Amino acid sequence: MSPRHEHPHPGTSPRRRLLAPHSHEIADKLDSALESSAPGLRALWISLAVLGVTALAQAVVVVASGSVALLGDTVHNAADALTAVPLALAFVLGRRAATRRFTYGYGRAEDLAGIAIVLTIAASAAFAGWTAVGRLLDPRPVDHVPAVAVAALVGFAGNEWVARYRIRVGRAIGSAALVADGLHARTDGFTSLAVLLGAGGSALGWQLADPVVGLVISAAITLVLRDASREVFRRVMDAVDPALVDRAERALTRVPGVRGVGELRLRWIGHRLRAEVAIVVDGGATVREAHRIAVDAEHALLHAVPRLTAALVHADPQPVPGERDPHLPLAHHATA
């Protein structure tokens, strides 16, 4: 399915661009296809419901059995389900129009949601690990082992269903983020199967099997935390994939009238990209000609760079030998 053609064309007034509603995503959780698609949003909420019910069913067995391995898996599933809450809040806030105070809109709410999610994952990892270590120091038999095994299978079944649903919907609407979430849920399903191994060890009389599996699950959550923290840190620090910069430069060099590409910057505002670039044009071009080339350059960028919604293009005249640098009056500001 071809992606929708969504970007401002020449003729769109600056005021309209400034006040247009602005949507967002969390890094690698919601993308433009997911946000703008009813099936994508429905997949988000249905996944939350399924994982929530799964975690609730497991929690009942945790209380009855005292299994710390199942507790870790339950906390993990609950944390995954709850990540939809800050995502939804950020989504609603991010769609608000830009204002004279928040001139770039509210897309940065995505980064706040990302930080909240990282903290949630960290808390779940710490709680699961602390409980498992406590049980290692004070071993206790696990009660209702068959129920623990069934709860582990329920956890696997819930995550696998969510995985298949997210992947199917994600592929149908062209959402790479939703597909990635589905693959993540599939990984969580295998974590639930680890609880089944712990239950088997407990059934054979090895009391340490349950807390050992609990530690393994804590380690798995920590790996998820590491990846999530890296992505959120990069987004907060305005990091972009260097391949996007290369792609933008190649697109600009193919624009008729562009003699060179100067400084090029990309940054995320929520899940949307904005660009700032200086291009070199013929020094003898009229203002109208230079403006036309700049508009063509912006248009080329909007087509070439995924999720780019706006670009500020500055046209510099091609220098001639002996000519004074027109930017020289700004030099002392650059070193301040």
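Buried means under 20% relative accessible area, exposed means over 50%, and partly exposed lies in between (1.4 Å probe, protein chains only). The model is predicted, so local features need pLDDT of at least 70 and side-chain atom pairs count only at pLDDT 80 or more, while totals for chains, interfaces and linings use all residues. Residues are numbered from 1 along each chain as its sequence is written, and side-chain values use heavy atoms, with hydrogens and water left out.

**Paired rings**

Rings of Phe, Tyr and Trp (its six-membered ring) pair if their centres lie within 6.5 Å; planes under 30 degrees apart are stacked, over 60 edge-to-face, and the rest tilted. How many aromatic pairs does the structure hold? There are 2. In one of them, F102 and Y106, the ring centres are 4.8 Å apart and the planes meet at 35°, so this pair is tilted. Y106 is buried, at 13% relative accessible area.

Next, select W161 and Y165. Their ring centres are 5.1 Å apart and their planes lie at 25°, so this pair is stacked. Helices (H or I, at least four residues) and strands (E, at least two) are DSSP runs, numbered from the N terminus. Both W161 and Y165 belong to helix α7 (residues 145–173), 4 residues apart, about one turn of the helix. An α-helix has 3.6 residues a turn, so residues three or four places apart point the same way. Are W161 and Y165 buried or partly exposed? W161 is partly exposed at 45%, whereas Y165 is buried at 10%.

**Charges over rings**

A charge sits over a ring if NZ of Lys or CZ of Arg is within 6 Å of the ring centre and within 35 degrees of the ring normal. Then show R235 with W268, where R235 lies over the ring face, 4.3 Å from the centre.

**Inside α7**

Stay with helix α7 and select N159, which lies in it. N159 is buried, with a relative accessible area of 0%. A polar atom of its side chain is 2.9 Å from the backbone oxygen of G155, a polar contact (N or O atoms within 3.5 Å; within protein, one must be able to donate a hydrogen and the other to accept it, and residues adjacent in sequence count only if both atoms are side-chain atoms). Contact in general means heavy atoms within 4.5 Å. Residues up to four places away in sequence aside, N159 touches L51, N77, A185, R186, D188, G189 and S192.

**Strand β3**

Select P317, in strand β3 (residues 308–317). P317 is partly exposed, at 37% relative accessibility. Neighbours within four places in sequence aside, P317 is in contact with V280, V281 and G283.

**A loop residue**

Finish at S67, in the loop between α3 (38–65) and α4 (68–82). S67 counts as buried, at 1% relative accessibility. A polar atom of its side chain lies 3.1 Å from the backbone nitrogen of L70.
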